[in-house]
Amino acid sequence: MTKVTMYTDGAARGNPDGPGGYGTILSFVDSKGQEHIRELSAGYRKTTNNRMEMMAVIAGLEALNRPCEITVYSDSQYVVKAFNEHWLDGWIKKGWKRGKNEPVKNVDLWKRMLAAKEKHQVSFQWVKGHNGHPQNERCDELATTAADGEELFVDTECEKE
């Protein structure tokens, strides 16, 4: 199984009405020992930081066309905890409710993440302040570029919330 390292970042700029974007870098070595890097970025309007981080991971998972063993480095504790601490399993069992029966946000994205993750073996690592992972700085750059880009999409799901 191909081993892939993924670095993700989202930049919603803290303003749901402002620019937002995400960046993802996929790094892997092929059967001939050649290293490959694939970079993805996209911009959105009217969305939140957590959605940006999730979109970054989803974009990376969906970009892989064969089953892979993936380590995702993210500076989002929200995304990392959700998968490492089994929030998802609990949410599904409770019918997508949490705590005092509060609805879980971003259910559309969590379901899309589950579908994208299904064919891969994925583990998540939290990267505090990007320490030790210089390529994550490149993700930050991609996310910022996407956020500042001219071609931004409107996040229609976010508008419904």
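# Briefing on a predicted protein chain

The protein chain has a mean pLDDT of 86, and 96% of its residues reach 70 or more; pLDDT is the predictor's confidence in each residue, from 0 to 100. This is a predicted model, in which local features need pLDDT of at least 70 and side-chain atom pairs count only at pLDDT 80 or more, while totals for chains, interfaces and linings use all residues. Residues are numbered from 1 along each chain as its sequence is written, and side-chain values use heavy atoms, with hydrogens and water left out.

**Confidence**

- Confidence is highest in strand 4, at 94, and lowest in helix 6 (residues 156-160), at a mean of 69. Helices (H or I, at least four residues) and strands (E, at least two) are DSSP runs, numbered from the N terminus.
- Where pLDDT is low, the predicted coordinates should not be read in detail.

- An open sheet of six strands has the order 7-4-1-2-3-8, with mixed pairing; two strands pair if DSSP finds at least two bridges between them.
- Strand 7 (121-126) and strand 8 (152-154) are the edge strands; each has a single partner strand, so one side of each is left without a neighbour in the sheet.
- From one strand to the next, the twist averages 25°. Axes are lines fitted to C-alpha atoms, for helices over the stretch in contact, and angles run from 0 to 180 degrees between N-to-C directions.

**Strand pairings**

- Eight bridges pair strand 1 (residues 2-11) with strand 2 (residues 19-29) in the antiparallel sense. Gly10 is placed opposite Tyr22 in strand 2.
- Strand 2 and strand 3 (residues 35-45) run antiparallel and are joined by eleven bridges. Gly20 has Tyr44 in strand 3 as its bridge partner.
- Strand 3 and strand 8 run parallel, joined by three bridges. Arg45 has Val154 in strand 8 as its bridge partner.

**Helices**

- Helix 2 (residues 77-84) lies across strand 4 (68-74) and strand 7, at about 135° to strand 7.
- In helix 4 (residues 107-117), the residues Leu109, Trp110, Met113 and Ala116 are buried. Buried means under 20% relative accessible area, exposed over 50%, and partly exposed in between (1.4 Å probe, protein chains only).
- The buried residues of helix 4 fall within an arc of 125° when seen down its axis, so they line one face of the helix. The arc is that of the directions from the helix axis to the C-beta atoms.
- Helix 1 (49-63), helix 2 and helix 3 (87-93) are the elements against which the buried residues of helix 4 pack; contact means heavy atoms within 4.5 Å.

**Aromatic pairs**

- There are four aromatic pairs in the structure. Rings of Phe, Tyr and Trp (its six-membered ring) pair if their centres lie within 6.5 Å; planes under 30 degrees apart count as stacked, over 60 as edge-to-face and the rest as tilted.
- Tyr7 and Tyr73 have ring centres 5.3 Å apart and planes at 15°, so the pair is stacked. Tyr7 lies in strand 1 and Tyr73 in strand 4, so the pair ties together parts that are 66 residues apart in sequence.
- Tyr7 counts as buried at 10% relative accessibility, and Tyr73 counts as buried at 18%.
- The ring centres of Tyr22 and Tyr44 are 6.3 Å apart and the planes are at 25°, so this pair is stacked. The pair links Tyr22 in strand 2 with Tyr44 in strand 3, 22 residues apart.
- Tyr22 counts as buried, at 10% relative accessibility. Tyr22, Tyr44 and Phe153 form one aromatic cluster.
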